[in-house]
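Have a look at the sequence and the structure first, then read on.

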Amino acid sequence: MTQNNCQVESCRHAQGFSSLVMLKRHLKDSHNRVLCEICLKHQTALMSESRLFTEAQLSRHMKKGDQDEDGNIIFLHPYCSFCDVYLYSEQQLVKHMNDNH
């Protein structure tokens, strides 16, 4: 059984969660943090390396992307305005556009 551990350092919940759903509920209820579902589904990082966001940070991550300290965009989920959906990468957007539009 895979253990999904809470990434919050000060968390007193030492044991892992038996499901991702339980971990996400814990992050939301106990720490007011969420994961980006698109990143979670498509990135190759370990769960422990996944970024935690407040709702406001997630909204900014989705709409404006991640920026470096100089304000340059270093990662952005492309958006399909026809479907009102965000995709993980430019390659996925191109495939989506070719397949659906």
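Asp 84 sits in the loop between strand 3 (79-80) and strand 4 (85-86). Strands (E, at least two residues) and helices (H or I, at least four) are DSSP runs, numbered from the N terminus. This is a predicted model, in which local features need pLDDT of at least 70, side-chain atom pairs count only at pLDDT 80 or more, and totals for chains, interfaces and linings use all residues. Residues are numbered from 1 along each chain as its sequence is written, and side-chain values use heavy atoms, leaving out hydrogens and water.

**Positive phi angles**

- Most residues other than glycine have a negative phi.
- Asp 84 has a positive phi, near 60°.
- Asn 32, in the loop between helix 1 (20-31) and helix 2, also has a positive phi, near 55°.

**Buried or exposed**

- Buried means under 20% relative accessible area, exposed over 50%, and partly exposed in between (1.4 Å probe, protein chains only).
- Asp 84 is exposed because its relative accessible area is 57%.
- Asn 32 has 46% relative accessibility, so Asn 32 counts as partly exposed.
- Ser 50 counts as buried because its relative accessibility is 9%.

**Around Ser 50**

- Ser 50 belongs to the loop between helix 2 (37-42) and helix 3 (55-64).
- Leaving aside residues up to four places away in sequence, Ser 50 touches Gln 7, Leu 35, Leu 40 and Gln 43; contact means heavy atoms within 4.5 Å.
- The side chains of Ser 50 and Gln 43 are joined by a polar contact of 3.3 Å.
- A polar contact is a pair of N or O atoms within 3.5 Å; within protein, one must be able to donate a hydrogen and the other to accept it, and residues adjacent in sequence count only if both atoms are side-chain atoms.
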